[in-house]
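We will go stop by stop, selecting as we go.

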Amino acid sequence: MQATYRNFYRKSDIISLEVIAMRKIELQIPEEIYSVIGTRRDLTKEVLKRLAVALYAERKISLGKAVELAGVSYSNFFDLLADCGVYLDYDEEDLNEDMETLRRLGRGGNNK
């Protein structure tokens with residue numbers, strides 16, 4: 001297992017680092033599959049994007065984690081979901097929670 005460090009929080013001169021445990025894997029992909037993907041694309045990035053979409057579609061990871069794993073912006077991830085025929089996992093309960101949060105913020109904070 002490999003540890004990767006990234007800036008997690010920075011305020012003034014104080015820097016806190018988050019350690020992310022990473023595993024390195026090796027994939028053997030048949031040549032005909034590789035040629036379908038295309039040599040112009042970064043295979044690692046492409047596999048991570050597809051993995052992020054699949055895990056999100058299976059509700060194994062959150063939208064935020066999927067975007068992080070894919071290494072793209074939210075906007076680009078939404079496009080990727082659409083390209084793969086995957087819909088956002090956002091239901092009426094999520095909408096109600098978001099609306100309540102907006103109401104609280106409109107009143108100046110966490111007061112209910």
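This is a predicted model: local features need pLDDT of at least 70, side-chain atom pairs count only at pLDDT 80 or more; totals for chains, interfaces and linings use all residues.

**Stop 1: the whole chain**

Show the protein as a cartoon. Follow the chain along the sequence, and the pattern reads β-β-α-α-α-α-α. How much of the protein counts as buried? Of its 112 residues, 13% do.

**Stop 2: helices H2 and H3**

Select residues 43-57, which are helix H2, and residues 63-70, which are helix H3. Two numbers describe a packed pair of helices: the angle between their axes and the distance between those axes. For H2 and H3, the angle is about 165 degrees and the axes are 8 Å apart. Angles over 145 degrees count as roughly antiparallel. H2 and H3 are therefore roughly antiparallel to each other.

**Stop 3: the loop between them**

Stay with this pair and select Arg59. Where does Arg59 sit? It lies in the loop between H2 and H3. Check its backbone: phi of Arg59 is near 60 degrees. That is a positive value in a residue other than glycine. Is Arg59 buried or exposed? Arg59 counts as exposed because its relative accessibility is 63%.

**Stop 4**

Side chains of opposite charge can pair when their charged atoms come close. How many salt bridges does the structure hold? It holds two. Glu46 forms a salt bridge with Arg50, and the closest N and O atoms are 3.1 Å apart. Why are Glu46 and Arg50 separated by about one helical turn? Because they are four residues apart in helix H2. Next, compare their surroundings. Glu46 counts as buried, at 11% relative accessibility. Arg50 counts as partly exposed, at 40%.

**Stop 5**

Move on to helix H5, residues 92-106. Select Arg103 and Glu100, whose side chains meet in a salt bridge. The N to O distance is 3.4 Å. Both residues lie in H5, three residues apart, about one turn of the helix. Arg103 counts as partly exposed, with a relative accessibility of 44%. Glu100 also counts as partly exposed, with 27%.

**Stop 4: the nonpolar patch**

Switch to a surface view. Select Tyr74, Phe78, Leu88, Tyr90, Leu95, Met99, Leu102 and Leu105. These residues form a nonpolar patch on the surface. Together they have about 790 Å² of accessible area. Which helices each supply at least two residues of the patch? They are H4 (74-83) and H5 (92-106). H5 gives the most, with four residues.

Finish on Tyr90, one of the patch residues. Tyr90 is placed in the loop between H4 and H5. With 44% relative accessibility, Tyr90 counts as partly exposed.

Key: Residues are numbered from 1 along each chain as its sequence is written. Side-chain values use heavy atoms; hydrogens and water are left out. Patches are made of residues with over 30% relative accessible area and no salt bridge: like charges are joined within 9 Å, nonpolar side chains (Val, Leu, Ile, Met, Phe, Trp, Tyr) within 5 Å. Accessible areas come from the Shrake-Rupley method with a 1.4 Å probe; for residues, only the protein chains shown count as cover. A salt bridge is a side-chain nitrogen of Lys or Arg within 4 Å of a carboxyl oxygen of Asp or Glu. Buried means under 20% relative accessible area, exposed over 50%, partly exposed in between (1.4 Å probe, protein chains only). Axes are lines fitted to C-alpha atoms, for helices over the stretch in contact, and angles run from 0 to 180 degrees between N-to-C directions. Angles under 35 degrees count as roughly parallel, over 145 as roughly antiparallel, 65 to 115 as roughly perpendicular and the rest as oblique.
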